[in-house]
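Me: I'm new to this one and would like to go through a few details with you. Can we start with how some of the helices pack?

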Amino acid sequence: MSFIINGLRGLHIYFQRRVLSIFILGFSSGLPLMLVFGVLSFWLREAGVSRAEIGYFSWVALAYAFKWLWSPLADHLHLPFLHTRFGRRRSWLLLSQITVIAAIAAMAFTDPQQNLALMAAFAVLLAFASATQDINVDAFRIETAPEELQAALAAAYLTGYRLAMILASAGTLWLAALYSTGKEYELTAWQLTYATMALCMLPGVLTTLLSKEPASQLQQSAKQAGSFNLFNWLKTAVLASFIDFIQRYKWHALLILGLISCYRLSDIVMGVMANTFYVDMGYTKEEIASISKIFGVIMTLVGAALGGILINQFGTLRILFLGAILSAATNLLFATLSTIGHDLTWLTLVISADNLSAGIATSAFIAYLSSLVNLAFTATQYAIFSSLMLLLPKFVGGFSGVMVQHLGYNQFFIMTALLGLPALVLILLLQKFKPKIENTAN
């Protein structure tokens, strides 16, 4: 009973202005991801693109895994005119959000059957702009509030992020079905859908314009800010931030980096083929959209909020372990669904469980990554961590279409569940050795 009372008392934190702003910026971050990773595969499959090509196409999302390469720019490079008017974080946010809108609109006017390469080029632009937005939203989130608010901010960010992913997946499928005149593939329906998604980025732009620029412990002279030298950038931004991390965590850094690199291996590799699986199993856009819209939204909200509460009650590593188990277990549900066939009840169960587990796991993971960051290198270090989180999963995911062709869906989903085992082992090792965690500047 006391756990429930404490949990209800803790809910008031989600209505603070800073938390609500992060919720909207989380929505702005989550929207583009599915447009280059998830729902795009549904569009491509309907357009007759092969599973192998769709798998390789997912490598577009590797931009998120390499964003650490240009993340120091967000910490050290002042954008002309925009920096003076909006400050470091908001100027980069505004530029990236406008580019995201332009890239989505460009995809909306492209025909993948006529020019798949051009579609890929616009998808790459969208991925780079989206990754840049993520860099600055993460830095904004970490810098905008003290450590005691970070769990709530992570939960708010995740809730907005997941809601946007549902809008960009279930919402786009529903819109594509609504804009269609029949059951056959229609290019115009998908183009109108993507144009609508571009408009959905506007709340994030408005939040950026109305938000207050956060204070930062990153200090640099006007001379450094006004000029850009590649060697100094690599030395003071990239190398310094990485060396700082190694110095603070010593040999524990190897365990931490190993955990970061494989924590999401299971669900990301599986996720590349999820929408292709739905198409091949005979589910319609309306069925996927309706189930995701209702049960997906509910379980996402429950998972994100529950994750934040559980972290405060039991600690980050324990909930990180729980999230890893749940994420792997839901892949086994997909394996079961592949043997059952077209069954809306089972599909509802699978989507609900997948969103609940993802909410808990991602809340814990975001809070964990945030706890590792030194505020002197906020954007750079968090970008390195979140990029490492995606590098191996996205690379392996590119071969998922080939895996399905050789293994079939059932064995593919079982294999992806087993990919979650290394993360469990590493979490147990980190719990045993308990490295000291700091996120303040030294």
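Me: At what angle do helix H2 and helix H11 pack, and how far apart are their axes?
Reply: Bearing in mind that this is a predicted model, helix H2, which covers residues 17–36, and helix H11, which covers residues 202–210, pack at an angle of about 140°, with their axes 8 Å apart. That angle makes H2 oblique to H11, since an angle has to be over 145 degrees to count as roughly antiparallel.

Me: Which residues make that contact?
Reply: On the H2 side they are Arg-17, Ser-21, Ile-24, Leu-25 and Ser-28, and on the H11 side Pro-203, Gly-204, Thr-207, Thr-208 and Leu-210.

Me: And is the crossing of H2 and H11 left-handed or right-handed?
Reply: H2 passes H11 in a left-handed crossing.

Me: Moving on, what about H14 and H22, at what angle do they pack?
Reply: Helix H14 (residues 252–262) and helix H22 (residues 421–433) pack at about 150°, with their axes 9 Å apart, and they are therefore roughly antiparallel to each other. The crossing of H14 past H22 is left-handed, and the residues that meet there include Leu-255 and Leu-259 in H14 and Leu-426 and Leu-430 in H22.

Me: New topic: where is Asp-134, and is it buried or exposed?
Reply: Asp-134 is found in helix H8, which spans residues 116–143, and Asp-134 is buried.

Me: Why has Asp-134 no salt bridge?
Reply: The nearest side chain of opposite charge, Lys-67, is 4.3 Å away, whereas a salt bridge needs the charged atoms within 4 Å.

Me: Which residues does Asp-134 touch, then, leaving out those up to four places away in sequence?
Reply: Asp-134 touches Ser-29, Tyr-64, Lys-67, Tyr-157 and Tyr-161.

Definitions and conventions:
Residues numbered from 1 in each chain as written. Predicted model: local features only at pLDDT ≥ 70, side-chain atom pairs only at ≥ 80, totals over all residues. Heavy atoms only, no water. Helix = DSSP H or I, 4+ residues; strand = E, 2+ residues; numbered from the N terminus. Buried < 20%, exposed > 50% of the residue type's maximum accessible area, 1.4 Å probe, protein only. Lys, Arg positive; Asp, Glu negative; His and termini not counted. Contact = heavy atoms within 4.5 Å. Axes fitted to C-alpha atoms, helices over the stretch in contact; angles between N-to-C directions. Parallel < 35°, antiparallel > 145°, perpendicular 65-115°, else oblique. Left-handed = near helix turned anticlockwise from the far one by under 90°.
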